[in-house]
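Let's take a friendly walk through this model, one local region at a time. Keep the viewer open while you read.

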Amino acid sequence: MAGGIKKFVVGSFDDEAVLFPAVKNVRKAGYKIHDVYTPFPVHGLDHAMGIRETSLHTAGFIYAITGTTTALTFISWVFTKDWPLNIGGKPHFALPAWIPITFELTVLFSAVGMVLTFCYLCNLAPFVKKHHFHPRATDDLFVMAIECSDKTDDNEVQNFLQNAGAKEINVQVAETGWWIGRYDKEQKLYRDEPGY
Amino acid sequence: MSLLKYESQQREPLVDGDKNYHQVTEDIIGPIELKPTRLWYIGFWISVALLLFGVYSIYREVTYGIGQWNLNKTIGWGWDITNFVWWVGIGHAGTLISAILLLFRQGWRTGVNRAAEAMTIFAVMCAGQFPIWHMGRVWMAFFVLPYANTRGPLWVNFNSPLLWDVFAISTYFTVSLLFWYSGLLPDFATVRDRAKTKLRKLLYGIAAFGWTGSTKHWQRHESLSLVLAGLSTPLVLSVHTIVSFDFATSVIPGWHTTIFPPYFVAGAIFSGFAMVQTLLIVVRKVMNLQDYITMGHIEAMNKVIVLTGSIVGCAYLTELFIGAYYSQNLYEMYVFQENRANIFSPYGWSYWLMMFCNVVSPQLFWSRKLRRNIAVTFFMSIIVNIGMWYERFVIIVTSVYRDFLPSSWSTYYSPSIYEIGFYLGTFGLFFTCFFLFAKYFPVIALAEIKSILKTSGENYKAKMTDIERADAEKFYIEEVEHAH
């Protein structure tokens, strides 16, 4: 869902070596970094920005043990309670023979669950549209968006980014969050839409 | 910025030429934005024609029954299970490259993982066809699923290796697809953001799921890739292990061996890498990607081929020793001594062909010169694929054609045109998918190449020489001299 209309000062860097000190200085100066958009995972940038570690892997573990339990309880219920088959007089509770399926379901639950959680947390789905601060953020630019409050002087922020080494600086009014849309249609802000 | 400041000069660069981030995008996304070439159309339509012949063969088989194939009472598993195991095996290299080499932090993986994973998915799609259509009454294929049915409910047999296979293959396909697609999201976003035409914006916009490249998203993406790699690693080992259980848990002489799981897994990786070589040698040439899939990449894969080929060879000899002599079991010894090792027996030729292709020929790759020779590599990759197909043929057919009752021995089995057609049809499916992939998908993992560019790119490495030398001198002066 659209997260409201805000004003951003956007600085684009072309070198991650310049970006790192810039992130540190911007944070030290007390500006609020909305996000940094990079074309590839820049290691250590999350720490520099003060983002906490993700717990996605913990979710993956929980899905995994859910898969294990599902497989074991279901198979043992089928073979000992619901429809016990006499296979050459062997035990109904044949744990070693169930290991392959139990393992496969553990992996399946974990992988599917993690990917769905990942898409949910990052708001990723077909027909989801978001505001992109710079089209080359997925190509070769590292794009830092600084959120402005009513009190922020955007000229000051622009100068600050200039000194920090940003190559391209501009001010954008944009909606954060996501909405349902297509990328071949131009984006309109909510307040420009009829009936706002 | 990678954690490494530089990489040793001893290591070959992974990206050749004078590249920056934008150039990498141009090189890899560029071909997507051009019209397909004549050559592409020719290849694509040949594949579609093969696919259609496959569809016709399946139509014959479904309409007239399994009798359209030359299987008989003794040889109940022939070409189609051979093809099934062969295709599944081919898939394994993709997962090995994308998962196991990720855990081992092998940088060269980045150049080839995308195409190899695509190959995995298409190969598993082809593999899945064989057991499904072999069911004969394919409209009852859903009986393999454990669902609450009106037959009691009568459940599937969870103790059967054939059912394990259902779970293993479907899990493998799903997980590979998710892993591949989650890696593709950022690259689709790159295509979307560069797109000039409306259609491309729309389609890649849908495909990219609204990816922005946010730092938090990248952090989660990294975590996701790592865990999926961790899950895929045992998964890929389990899949071919379970495929080998289809044979190993039976009591047929020649199949009933505990050596099968590791032997099958090594063979799978071996044949898969051969297929990756076949495909990528063509792709890098046609799409001008020699800077990303370098001689170093080809050599690295050839090293895997010689390693896994030797493991396979070791397994063949062990199996021969156990089967033909050490077991001291009459039936087991007959299979190995007579059905296989005797070159004058009806299928003896296939055993020795397999031995030659899989054990003898890969040993050429001990030579660095041959490992780095494109023509030799391409030729060898075909030889290995043929050899590995024969491995499955040998295991299946030579074990069953002379069963316990000599009156039902069947020394003559040759596939019918529809059996061959079905196999060719899966080639059609595979290459149709691969041609579409090569044209419309980023064939190389763009974001991953960019993340290693500044440590492993040729132009960046050249600039690092002085820093490395200075660092080494500093280390020598400060650490080594003080220590003395």
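## Strand β4 of chain A

From β4(A), the residues A:F142, A:M144, A:I146 and A:C148 point one way, while A:V143, A:A145 and A:E147 point the other way, and all are buried. Buried here means under 20% relative accessible area, exposed means over 50%, and partly exposed is in between (1.4 Å probe, protein chains only). In a regular strand, side chains alternate between the two faces of the sheet. Strand β4 covers residues 142–148 of chain A, and seven of its seven residues are buried, so the strand is largely enclosed by the rest of the structure. Strands are DSSP runs of E with at least two residues, helices are runs of H or I with at least four residues, and both are numbered from the N terminus.

What runs antiparallel to β4(A)? That is strand β2 of chain A (residues 32–37), joined to β4(A) by five bridges. Two strands count as paired if DSSP finds at least two bridges between them. Opposite A:A145 in β4(A) stands A:D35.

## How to read the values

This is a predicted model, in which local features need pLDDT of at least 70 and side-chain atom pairs count only at pLDDT 80 or more, while totals for chains, interfaces and linings use all residues. Residues are numbered from 1 along each chain as its sequence is written, chains are lettered from A and ligands numbered from 1 in the order in which they are written, and side-chain values use heavy atoms, with hydrogens and water left out.

## Loops in chain A

A:L141 lies in the loop between β3 (128–130) and β4 of chain A. With a relative accessible area of 5%, A:L141 is buried. Leaving aside neighbours within four places in sequence, A:L141 is in contact (heavy atoms within 4.5 Å) with several residues, including A:F13, A:Y37, A:P39, A:H134, A:R136 and A:E168. A:L141 and A:E53 are 88 residues apart in sequence, and their C-alpha atoms are 24 Å apart in space.

In the loop between α4 (95–121) and β3 of chain A you will find A:N123. Its phi is near 55°, a positive value in a residue other than glycine. A:N123 is partly exposed, at a relative accessible area of 30%.

Helix α8 of chain B (residues 260–286) contains B:G272. Is B:G272 buried or exposed? At 0% relative accessibility, B:G272 is buried. Not counting residues up to four places away in sequence, B:G272 touches B:G89, B:I90, B:A93 and B:M119.

The axes of α8(B) and helix α9 (residues 295–326) of chain B come within 9 Å and cross at roughly 150°. Axes are lines fitted to C-alpha atoms, for helices over the stretch in contact, with angles from 0 to 180 degrees between N-to-C directions. These two helices, α8(B) and α9(B), are therefore roughly antiparallel to each other, a label for angles over 145 degrees.

## Loops in chain B

B:R105 sits in the loop between α3 (79–103) and α4 (109–134) of chain B. Although B:R105 is not a glycine, it has a positive phi of about 55°. At 70% relative accessibility, B:R105 counts as exposed.

B:S416 belongs to the loop between α13 (374–400) and α14 (417–440) of chain B. B:S416 is buried, with a relative accessible area of 10%. Beyond its neighbours within four places in sequence, B:S416 is in contact with B:Q68, B:W69 and B:N70.

Technical notes: Parallel < 35°, antiparallel > 145°, perpendicular 65-115°, else oblique.
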